[in-house]
Amino acid sequence: MRKKIVAGNWKMNTSISKGEQLVVEIVEKSKGINGVLLIVAPPFTHLTKVADKLGNTRVALSAQNCAAETSGAYTGEVAASMIADAGAKYCILGHSERREYYGETDETLNKKLAQCFANNLIPIFCVGEKLAERESNHHFEVVKAQLSNTVFNLSEDDFGKVIIAYEPVWAIGTGKTATPDQAQEIHAFIRKTLAEKFGAKASDTPILYGGSCNPANAKSLFANEDVDGGLIGGASLKADDFITIAASF
Ligand code: PGA
């Protein structure tokens, strides 16, 4: 059976102390929830402190990005080895905000994927089309290209570890969610696309939905065969909302 996962992408939000409070609350409130892997992705500055609070609890730690290089003269960058050293096990890669505002290309993402695997970080790899691409019915080919230029280059072993997040850019932070049918349709397409390259292994790949997922719509999204959970932005900053989403399977 595929893992069910709910991951919180805090983006550039919370002070360190607020972040610590948030995870303490998440850990406490998640005690009754079984069978779902919970992940939090705070800013870099928070990682070690949040890791201390998480300790051996069931909530895992992720970064939101990592450097494409191993170490050295790359001012402002944070290496995957440092992220792992801080206690994280996961790393979000290729978020649309990184692609759009920081010019991340498939080439950069291939390097970042390699850095993650070299440092035992599991990538949560984001794909998703922009509004104009959806409206012109190009979303399938856009998402396919995002995968075939990156994830397709992984070894079978590494592919077996990766988590995919489908996040339509038009749904991120906009309050507009993909309908459950739209989500299922493209998640099934993503799985089929991955299966064309990696065969049966693709049936084990968690594919998360992201984009204005909230306590009111999570259940209908997660009820779909190929939606294995969510990558949650805004609603992950409130423990109650995050936990309600995690309890929506
Ligand atoms: P949102 O963000 O839930 O605030 O739309 C999702 C994301 O960008 O990961």
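Trainee: How far does a polar side-chain atom of Lys 11 lie from an oxygen atom of the ligand?

Mentor: This is a predicted model, in which local features need pLDDT of at least 70 and side-chain atom pairs count only at pLDDT 80 or more, while totals for chains, interfaces and linings use all residues. Residues are numbered from 1 along each chain as its sequence is written, and side-chain values use heavy atoms, with hydrogens and water left out. A polar contact is a pair of N or O atoms within 3.5 Å; within protein, one must be able to donate a hydrogen and the other to accept it, and residues adjacent in sequence count only if both atoms are side-chain atoms. For Lys 11 and the ligand oxygen, the distance is 2.7 Å.

Trainee: What share of the area that the ligand exposes when taken alone does the protein bury?

Mentor: A backbone N or O atom of Gly 234 lies 2.9 Å from a ligand oxygen. Taken alone, the ligand exposes 280 Å² (Shrake-Rupley method, 1.4 Å probe; for residues, only the protein chains shown count as cover). Of that area, the protein buries 94%.

Trainee: Is Ser 62 buried or exposed?

Mentor: Ser 62 belongs to strand β3, residues 59–63; strands (E, at least two residues) and helices (H or I, at least four) are DSSP runs numbered from the N terminus. Buried means under 20% relative accessible area, exposed over 50%, and partly exposed in between, with a 1.4 Å probe and protein chains only. Because its relative accessibility is 0%, Ser 62 counts as buried.

Trainee: From which residue does the backbone nitrogen lie 3.5 Å from a polar atom of the side chain of Ser 62?

Mentor: Contact means heavy atoms within 4.5 Å. Leaving out residues up to four places away in sequence, Ser 62 touches several residues, including Val 40, Tyr 90, Cys 91 and Ile 124. The backbone nitrogen in question belongs to Cys 91.

Trainee: How far from Cys 91 is the nearest cysteine sulfur?

Mentor: A disulfide is here a pair of cysteine sulfur atoms within 2.5 Å, and a search of the whole structure finds zero. Cys 91 is accordingly in no disulfide, and the nearest cysteine sulfur is that of Cys 116, at 4.2 Å.

Trainee: With which residue does the side chain of Gln 115 make a polar contact of 3.1 Å?

Mentor: Gln 115 lies in helix α5, residues 106–118. It counts as buried because its relative accessibility is 11%. Beyond its neighbours within four places in sequence, Gln 115 is in contact with residues including Cys 66, Glu 69 and Ala 80. The partner in the side-chain polar contact is Thr 70.

Trainee: What is the phi of Asn 120?

Mentor: Most residues other than glycine have a negative phi. Asn 120 lies in the loop between α5 and β5 (122–127), and with a relative accessible area of 66% it is exposed. Although Asn 120 is not a glycine, its phi is positive, about 55 degrees.

Trainee: Which residues touch the most other members of the largest nonpolar core?

Mentor: A nonpolar core is a set of buried Ala, Val, Leu, Ile, Met, Phe, Trp, Tyr and Cys residues joined through side-chain atoms within 4.5 Å. The largest such core has 63 residues. Those touching the most other members are Val 40, Ile 164 and Ile 190.
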